[in-house]
Amino acid sequence: MIKLENISKRYEMGEITVSALDGISLEVGKGEFVVVLGPSGSGKTTLLNIIGALDVPTEGQVHINGGNLSLTKKANRFKFRRETVSFIFQTFNLFPSLTALENVQFVLDMANEPNSRDKAMAVLADVGLGDRVEHFPHELSGGEQQRVAIARALATGNPVLLADEPTGELDFKTGIQILELLKRQAETGKTVLVVTHNREISRIADRVVELSSGKIVSDGPPRTGKAEIAELQW
Amino acid sequence: MVNWNMWLRWSWRDLRARWLQVTAIAMIIALGTGVFAGLGGQEKWRVDSLDESYERLNMYDLRLKFNDDTYVDQAEFEALGLEELPGVEALETRLVTQTQVDASENGDDILVQGLLIGVDVAAGNPVNTLYVPDGNGRLLADTDIGPEKNIAVLEWKFADHHGLEPGATLELSGGHVVDLVGAVHSPEYFQIIPEEGFFIDDSEYAVVFVPLATAQRLTQHPGDVNNVAFLLEDGADAAAVQAEVESRVSESFPARGFEIDLRDDDPVAEILYSDAENDQVTWNTVAFLFLIGASLGAFNLAGRIVEAQRRQIGIGMALGVPRRWIAFRPLLVGFQIAVLGTIFGLGVGVGLSLLFSSLFETLLPLPYWDLSFYVPGFIRATLLGVLLPFLATLIPVWRAVRVPPIDAIQSGHLVAKGGGLSWVTQYVPIPGKSFSQMPVKNLLRSPWRTVLTMFGIAMAIALLTMFVGFLDTFVATIEQAEDAYLHEGADRLIINLNSFYPSAPGMVPAVDAEVQPGGDKQAVDSDLLVMPDPVGDLVALAQGDNPLLAAAPETALFLGGRLIAGDTDLEVALELHDMATAIWRPDLVDGSLTLESGEPGIIISEKAAEDLGLSVGDTVQLEHPQQSDEAGFTNVVTEVTVSGIHNNPLRALTYMDSATTDFVAERLQIQGVTNYLVVQPADGVSGDDVKRVLFEQHGVAAVQEIADISEAVDEALKIFTQVLRIIQAVVVFMAFLIAFNSTSISVDERVREIATMFAFGLRIRTVTRMQMVENLITGTLGTLIGMGMGWIMLNAMLVARIEEQLADFKFEVTVAPLTLLVSLLLGVLTVGLTPLFSIRRMRKMDIPSTLRVME
């Protein structure tokens, strides 16, 4: 599904070159729930952005769904993002002038999906927001906003979900609800990559990729064994 | 202690961070302050220059004009001793007659109407003194006086337009050729306004000055004068002198009608002074609108800067910084933008000042121009330019520093703002898909920004509509006049005769000693000169195998007069035609051409009816000339009934049916004569052909194709159109700057939304299209509001002008559909296309960083 070969990413900051990723190689299969763990500055978000075609590596190859993203033109990367990956952000990034329903409907309309309204309603109901569809983002709680963001990502039907600190803005209880939602997506066959610095979250992952200073320092199941969501606490 | 340097550096960084928006607002401020500074002094320039020019050229204080075709003997007039009256410094007797001027040169056909003015060169031309600009030849001199000498100087604007230089010759009515020795300015002709009061281009009217004796000889009025200009001493009582002159002239020439004008009544001076004043009001309005537009833009930007600094403001609050210091930084930014714009504006002002001063010198050639730097204009511009935009930044800053610190400092989703008016869409469904609805929803989400942007654009479009509306109104008025003149007999020519002649041909032999073949001029006693027979001559032109005219000329009368109704009176030009046979008759909006009763019936203009409070069937006093003896006319008053109201917007035009009443015989006492002919060219003959032949006819003072009026107007409108193009460009630029500023702020404000769209695979062109739709909506609404505001301002300014300056015309405030369409397109397209300028910024957007911005 996702195959990274020797990915490096360097930034020129004046006369200094900062290496965000340094020779990363990684493969993620369909339906896997992977947590990318690491402290601030370890390169985890850069990794996510490269997989999501928001950024390009300085070196290395990115293969997603059999296609080589590194060779894809800029215009085709838009298409890739439309059809292959969906993002969930820490700060939700909902469109403030659209209601919850319209935020979800937006991506469906973009893809020229028929009956976009009904489909959006269904997805929102799936994430437990069936009774909040006509509310604007500022009328929703943080957890509700993030659920709208997940619904928006799910509505695309794209096979890869990329979540960057999806619980970072939320309290524990709400965060748990969000993680449940994401976990359920992996169970339905989507590939889910969650970037976080919260080690507790990594306990529910199928696989934990730990980064430090732009390098993978460990890759495997959770160290303490896989836990159920109900066991989490932070 | 306050570290000023730190604050300045900090605010300077804020400026640099938004340099594009800052530049856009500074440029709008520059336009406003530039217009204020550069043109703030134009009224003073013009008034001072006019005062000085009139003073230097001894502009008359009183002017006595005898009625048309009324003359007095120069020696008899001088014997009145008016020069010795207390308060009179000097007087000059003159002879002023209409003439045709043929200035054709090198194949260019220049055949125009004009005036021949005999000035008292022998007395040194003490009043209305002529002035020769450098390089334009010389003035008339004593040596130019003589029986064989036809030396003339020509009014400068006409000479300049046609490139007529000293050494050229002109042919005047009657075939007289004069030699030009100079091109001159005359205070009575700083602007050309013919007696009829209709608009005419400088290039279509020639004023020729010759020594008085030459004028008397060329017009066959030896020893006669008909126009006297008085120069009064400083502090003299003009009204007292006027009364004394009126008394003495009436007593000595009881049978001669005349009128005395004061300098303040001079139509040219009146227009030039009121133009200067009204133009200043217009420019001030323009500058204000620019500055208001700039202020709205500054308000928008300040709002955005404050929003972006929200957390910094909160941190300041948390650190215990006093509110006034927290407010200081954004205010300093507003102040710096205002100062920056004003500095640009002062530069623009200097440029405009230089541009317009040279334009004034070209458009209104005066002998003296005072175009000194107008300091008060620049001071006023500086104050307004700095204050207005600065004050506009106060509101958002004031609001920002009043929020509780906790609200200011928090980040993430907790700062999610209200949706503005987004809720409206829940009640008013918007068609289309969600991303098609987004532009409308975005506008509703920031209603203040939308309104400010809309009004900023509205200011620009209001300016455009107002200016174009001015032009449209004038054009519509002129077209109405054209329709009135041309609705029948459109190919006709009107001929002013230089005197009254028998209206039946052959009553007097058409003999003129000076042009008799083989005639010996010296042998003919001037007393024995026989009047020419222009009617007979023109009848002959309508006969033969190849007639020049389609039919014998229509004989009519053209007289000056005055309508008096109660306390109101106004001057009129009265034409008397036989309405049953006339080539052209006035087009009536009410009443009829004649009264069935056979009483004198008069046809007046709508404007005259309005001003005098008259309608069909009302009676009105008509003051008109009445022949008193062979040498002239006196004025009498006759009560007449309004039989009809015509549609020509020129107030003065008044008509009467000469055939159905005994008005001509009993009241004018000039039965059987004419001074005004109407002819039509024969098939295949052009108006120019007729003009050229009539030019040779004796007794003909002026010939004009009626269709020439529109050509003269078109010519004169060219300059307005050029000015309009410049204004359009400036206004469009301003609308663009406002829209650019607003779009740029929107992109800035919604940068995360845009990044999110990109993250979900929306293309730049799709996002740009959404922004364009949003701008199109703002642009359309702003343009519609602007057109409404422009219409209101147009009405207000035209009403003011009509009352003060344009009372002689009936104006219907008009904005042509094409004008509205152009305004709409310019406004909507300019604003709608502005997002294209944000494409580069979106292309260069760092999507991942933008998505992670914590607000």
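H15(B) and H23(B) are roughly antiparallel to each other, because their axes cross at roughly 155° and angles over 145 degrees count as roughly antiparallel. The model in which this pair occurs is predicted. Helix H15 of chain B covers residues 447-486, and helix H23 of chain B covers residues 817-833. The two axes come within 10 Å, and the crossing is right-handed. On the side of H15(B), the residues that meet H23(B) are B:Ile457, B:Ile461, B:Leu464, B:Thr465, B:Val468, B:Gly469 and B:Asp472. Their counterparts in H23(B) are B:Thr819, B:Ser823, B:Leu826, B:Gly827 and B:Val831. Classified by residue type, this contact has six nonpolar, five polar and one charged residues.

H2(B) passes H11(B) in a right-handed crossing. From H2(B), the residues B:Ile29, B:Gly32, B:Thr33, B:Phe36 and B:Ala37 take part in the contact. They meet B:Gly377, B:Phe378, B:Arg380, B:Ala381, B:Thr382, B:Leu384, B:Gly385 and B:Pro389 of H11(B). The residues of this contact comprise seven nonpolar, five polar and one charged.

| Helix pair | Axes come within | Crossing angle |
|---|---|---|
| H15(B) and H23(B) | 10 Å | roughly 155° |

**Chain B as a whole**

Chain B contains 25 helices and 21 strands. Its C-alpha atoms fill a box of roughly 110 × 60 × 55 Å along the principal axes. Of its 855 residues, 48% count as buried. Among contacts in chain B between residues at least 6 apart in sequence, 84% join residues at least 24 apart.

**Strand S8 of chain B**

Strand S8 of chain B (residues 205-211) is mostly covered, since seven of its seven residues are buried. Strand S4 of chain B (residues 111-119) runs parallel to S8(B), and seven bridges join the two. Within this pairing, B:Val119 has B:Pro211 of S8(B) as its bridge partner. Strand S5 of chain B (residues 151-155) also pairs with S8(B), here in the antiparallel sense and over two bridges. The bridge partner of B:Val153 in S8(B) is B:Phe209.

**Sheets of chain A**

Chain A has an open sheet of six strands in the order S6-S7-S8-S3-S9-S10, with mixed pairing. Its edge strands are S6 (85-88) and S10 (215-220) of chain A, each of which pairs on one side only. Neighbouring strands of this sheet are turned by 20° against each other on average, direction ignored. Helix H5 of chain A (residues 142-155) packs on the sheet and touches S6 and strand S7 (160-164) of chain A. The direction of H5(A) makes about 175° with that of S6(A). A:Val208 stands opposite A:Gly220 in S10(A).

An open sheet of four strands in chain A has the order S2-S1-S4-S5, with antiparallel pairing. Strand S2 (16-28) and strand S5 (67-68) of chain A are the edge strands, each pairing on one side only. Strand S1 (residues 2-13) and strand S4 (residues 59-64) of chain A pair in the antiparallel sense over five bridges. In S4(A), A:Ile64 is the bridge partner of A:Ile2.

**Contact between the chains**

The contact between chain B and chain A takes 28 residues from chain B and 30 residues from chain A. On the side of chain B that touches chain A, helix H14 (434-445), helix H21 (751-759) and helix H25 (847-851) of chain B each supply at least two residues. The largest share of that side, seven residues, comes from H14(B). By class, the side of chain B that touches chain A has eleven nonpolar, ten polar and seven charged residues.

Key. Residues numbered from 1 in each chain as written. Chains lettered and ligands numbered in written order. Predicted model: local features only at pLDDT ≥ 70, side-chain atom pairs only at ≥ 80, totals over all residues. Left-handed = near helix turned anticlockwise from the far one by under 90°. Contact = placed C-beta atoms within 7 Å. Nonpolar A, V, L, I, M, F, W, Y, C, P; charged D, E, K, R; others polar. Buried ≥ 20, exposed ≤ 12 C-beta atoms within 10 Å, placed from the backbone. Pairing = 2+ DSSP bridges. Axes fitted to C-alpha atoms, helices over the stretch in contact; angles between N-to-C directions. Parallel < 35°, antiparallel > 145°, perpendicular 65-115°, else oblique.
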